[in-house]
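At each stop, select what is named and then compare the description with what you see on the screen.

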Amino acid sequence: MARRRGRAWEHVRVSWSASADSARPFYGSFGWAYDLVVAAPEGPWVAAACADLQSVGIGPGARLLDAGCGTGRYAAALGARGYSVDLVDASAELLSQAADRLPRANARVADLRELELGRHYDAIVCRGVLNDMISDVERQAVLNSFASHLRSGGAIVLDVRDRDVSERRYGDNYRIEKLVDTPRGTLAFTADGKFEHGLIYTHEEHELRTGTEPPRLTSYDFTMRPWTREELDEHLWLAGFRVQTITELNDRGSNDRLLCLTILDRTPVPQ
Ligand SMILES: C[S@@+](CC[C@H](N)C(=O)[O-])C[C@H]1O[C@@H](n2cnc3c(N)ncnc32)[C@H](O)[C@@H]1O
């Protein structure tokens with residue numbers, strides 16, 4: 001069990017693939033540098049999510065779950081707007097940082113496919129997570145989990161990568177390079193992505209140069225699966241949701257995201 005400053009994480013069963021997620025250095029051994037590598041202006045996403053929530057009557061004071069909260073920057077921005085936000089993530093390293101940002105939040109290390117938090121929320125927000133769900137079964141499991149953690153009429157605001165735009169963005173090899181100064185040395189981060197047959201294959205490297213020790217290189221390969229609007233509609237419908245809006249969102253300098261607002265208005269279709 002992971003512990004941090006006297007806090008004992010309550011581990012909810014973490015499946016093999018969520019364990020693989022937290023084995024990704026970006027979320028695990030280099031999780032301490034996540035916010036330095038991803039210099040995210042969370043403002044535009046949070047503003048769009050809040051406008052969506054308020055359009056269905058979910059305003060400040062409502063109880064939210066940030067599903068796949070990472071280091072909690074989005075959760076903290078939602079908290080600053082008056083929402084009461086709980087945290088869940090498969091990565092204990094990232095969740096620790098989120099819990100430091102929101103010390104009063106309930107925080108759990110858990111697999112979104114198998115959530116059993118024993119609470120119901122007014123809304124769930126989920127940013128930058130669902131592309132990690134590769135199979136239809138995993139996608140459905142997450143959305144069913146969300147349905148079972150919402151009150152009737154509760155909402156989800158989620159984003160996914162749009163399949164067609166991703167194909168254009170990653171059709172030729174796509175490379176991200178960052179060099180950041182960190183308290184532990186200079187960190188060189190690279191990610192190479194390639195879109196093929198509906199999937200984005202990515203190779204990621206972290207190299208830490210301390211000046212005193214030989215550079216430490218860690219590499220990792222993983223796959224993402226962007227979504228079509230039809231896939232979103234279908235999986236959400238099966239989980240008991242009615243889609244309200246799907247809008248194009250230009251987030252973090254890329255225009256490949258779809259932001260979806262959806263309401264729980266039925267019991268899920270038995271599967
Ligand atoms: C790209 S990060 C986004 C983090 C945060 N939402 C943000 O936007 O800064 C994806 C997050 O999803 C989490 N994640 C991926 N698969 C998960 C799963 N099956 N269960 C729980 N968390 C998961 C990862 O640990 C990681 O923190």
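Begin by selecting Glu 138 and Arg 113, whose side chains meet in a salt bridge with 2.2 Å from N to O. Glu 138 belongs to helix 6 (residues 136-147), while Arg 113 sits in the loop between strand 5 (107-109) and strand 6 (121-126), so the pair ties together parts that are 25 residues apart in sequence. Side chains of opposite charge can pair when their charged atoms come close. If you search the whole structure for such pairs, the count is 20 salt bridges.

Before going further, colour the chain by pLDDT, and keep in mind that this is a predicted model. The mean pLDDT of the protein chain is 90, and 91% of its residues reach 70 or more. Now select residues 1-20, where pLDDT stays under 50, although the model has 47 contacts beyond four places in sequence for this stretch. Where pLDDT is low, the predicted coordinates should not be read in detail.

Next, give each domain its own colour: the domain assignment places 11-164 together with 227-264 in domain 1, and 165-224 in domain 2. The contact between them takes 21 residues from domain 1 and 28 residues from domain 2, and the C-alpha centres of the two domains lie 23 Å apart.

How much area is buried between domain 1 and domain 2? The figure is about 2,200 Å², and carbon and sulfur atoms give 62% of that area. To look at the domain 1 side, select Phe 30, Trp 32 and Val 37, which lose the most area to domain 2 and together account for 29% of what that side buries.

Charged and polar pairs also cross between the domains, with a count of 3 salt bridges and 12 residue pairs in polar contact. Select Arg 24 and Glu 204 to see a salt bridge in which the closest N and O atoms are 2.5 Å apart.

Then show the elements that give two or more residues to the side of domain 1 that touches domain 2, namely helix 1 (16-23), helix 2 (34-37), helix 7 (163-170) and strand 13 (254-264). Strand 13 gives the most to this side, with 3 residues. By type, the residues of this side of domain 1 divide into 11 nonpolar, 3 polar and 7 charged.

For the last stop, select Asn 255, which lies in strand 13. Leaving aside residues up to four places away in sequence, Asn 255 touches Val 165, Leu 249 and Asn 250.

Technical notes: Residues are numbered from 1 along each chain as its sequence is written. This is a predicted model: local features need pLDDT of at least 70, side-chain atom pairs count only at pLDDT 80 or more; totals for chains, interfaces and linings use all residues. Side-chain values use heavy atoms; hydrogens and water are left out. Domain bounds come from an automatic or database domain assignment. Contact means heavy atoms within 4.5 Å. Buried area is the accessible area (1.4 Å probe) that two parts lose on being put together, summed over both. A salt bridge is a side-chain nitrogen of Lys or Arg within 4 Å of a carboxyl oxygen of Asp or Glu. A polar contact is a pair of N or O atoms within 3.5 Å; within protein, one must be able to donate a hydrogen and the other to accept it, and residues adjacent in sequence count only if both atoms are side-chain atoms. Helices (H or I, at least four residues) and strands (E, at least two) are DSSP runs, numbered from the N terminus. Ala, Val, Leu, Ile, Met, Phe, Trp, Tyr, Cys and Pro count as nonpolar, Asp, Glu, Lys and Arg as charged, and the others, Gly among them, as polar. pLDDT is the predictor's confidence in each residue, from 0 to 100.
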